[in-house]
Amino acid sequence: MQNRVSIPRANLPSKRPPRGRPREFDRQAALAAATRLFWMRGYEATSIADLTEAMGIGPKSLYAAFGSKDALYAEALRYYYTTYEGLVWTRFRAASTARQAALLFLQDEAIAMTGGDLDLPHGCMSTLATVGSKGHSELGEVMRATRAGGFDLLKARFDRAKKDGDLKATVDTTKLARFVQTVQSGMAIRARDGADRAELHDVAEIALSGWDNITAN
């Protein structure tokens, strides 16, 4: 699960139901259902029919409320981060050292990516998200931006560690952040393939067991 970032809002229609007529569905509940479905299946494999069934609405209501499948996916990403980013970044932010921050980040990812305590879909929605470039260039950029947000948080934490003397001044924080992010990405794939929490915790510990050597130069 990557960092919450500023995701450009898609062109969503601003339609209101006629005065005195109640909405036919709970928009927030429908968005939560769409997010879960996108999380499990990804953008390409999720059809409008799949979405309307999961959200409990008809196609007309979906387009009236969200504008398009692309706009719905972009809003689902925002909902994903607003709702779940604290699961993996809270202890990271409170960590006293760069190594502890990296380890807690990976350990908490292992928990979140295997369902947490909330019966969540396995894997990371943004890490595993793919969309064909043809006809979806803006949405592709949104998805790349979400993944870049996690890298930015990691690098900023390691840069601060250099200023604090926790990391040597010669440490390449860009490479270090990419290393941790790449481990997280691999863990997301393993989680989607059925790896349990214990396996992913082991991966995190092994990956960071060489921290002193990694940060020696």
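Predicted model: local features only at pLDDT ≥ 70, side-chain atom pairs only at ≥ 80, totals over all residues.
Colleague: What makes Phe 38 and Tyr 73 a pair, and of which kind?

Modeller: Their ring centres are 4.7 Å apart, with 80 degrees between the planes. The distance is within the limit and the angle is over 60 degrees, so the pair is edge-to-face.

Colleague: Why is this pair said to link distant parts of the chain?

Modeller: Phe 38 belongs to helix H1 (residues 27–41) and Tyr 73 to helix H4 (residues 69–84), 35 residues apart. Helices are DSSP runs of H or I with at least four residues, strands are runs of E with at least two, and both are numbered from the N terminus.

Colleague: Are Phe 38 and Tyr 73 buried or exposed?

Modeller: Buried means under 20% relative accessible area, exposed over 50%, and partly exposed in between (1.4 Å probe, protein chains only). Phe 38 has 1% and therefore counts as buried. Tyr 73, also at 1%, is buried too.

Colleague: Which residues do ring pairs link into a cluster?

Modeller: The cluster consists of Trp 39, Tyr 80, Tyr 81 and Tyr 84.

Colleague: What makes Lys 69 lie over the face of Tyr 43?

Modeller: The test asks for NZ of Lys or CZ of Arg within 6 Å of the ring centre and within 35 degrees of the ring normal. Lys 69 lies over the face of Tyr 43, at 4.3 Å from the ring centre. Arg 178 is placed likewise over Phe 151, at 3.7 Å from the ring centre.

Colleague: How do you know that Thr 35 touches residues of another part of the chain, and which ones?

Modeller: Contact means heavy atoms within 4.5 Å. Not counting residues up to four places away in sequence, Thr 35 touches Ala 76, Tyr 79, Tyr 80 and Met 125. Thr 35 lies in helix H1, and at 2% relative accessibility it counts as buried.

Colleague: Why does Tyr 79 count as buried?

Modeller: Its relative accessible area is 16%, which falls under the limit, so Tyr 79 is buried.

Colleague: Why is helix H6 called largely enclosed by the rest of the structure?

Modeller: Of its 15 residues, 12 are buried. Among them are Leu 103, Leu 104, Phe 105 and Leu 106, as well as Gln 107, Asp 108 and Glu 109. The buried residues pack against helices H5 (86–94), H7 (137–164), H8 (173–192), H9 (197–208) and H10 (211–214).

Colleague: How do you know that the span of H6 is close to the expected one?

Modeller: The expected span is 1.5 Å times one less than the number of residues. For H6 (residues 98–112) that gives 21 Å, and the helix reaches 21 Å from its first C-alpha to its last.

Colleague: What makes a set of residues a nonpolar core, and how many residues has the largest?

Modeller: Such a core is a set of buried Ala, Val, Leu, Ile, Met, Phe, Trp, Tyr and Cys residues joined through side-chain atoms within 4.5 Å. The largest has 63 residues, and those with the most contacts inside it are Met 55, Leu 72, Tyr 73 and Phe 158. Contacts of Phe 158 include Ala 98, Ala 102 and Trp 211.

Colleague: How many helices and strands are in the protein, and how much of it is buried?

Modeller: There are 10 helices and zero strands. Of the 217 residues, 46% count as buried.

Definitions and conventions. Residues numbered from 1 in each chain as written. Heavy atoms only, no water. Phe/Tyr/Trp six-rings, centres within 6.5 Å; stacked < 30°, edge-to-face > 60°.
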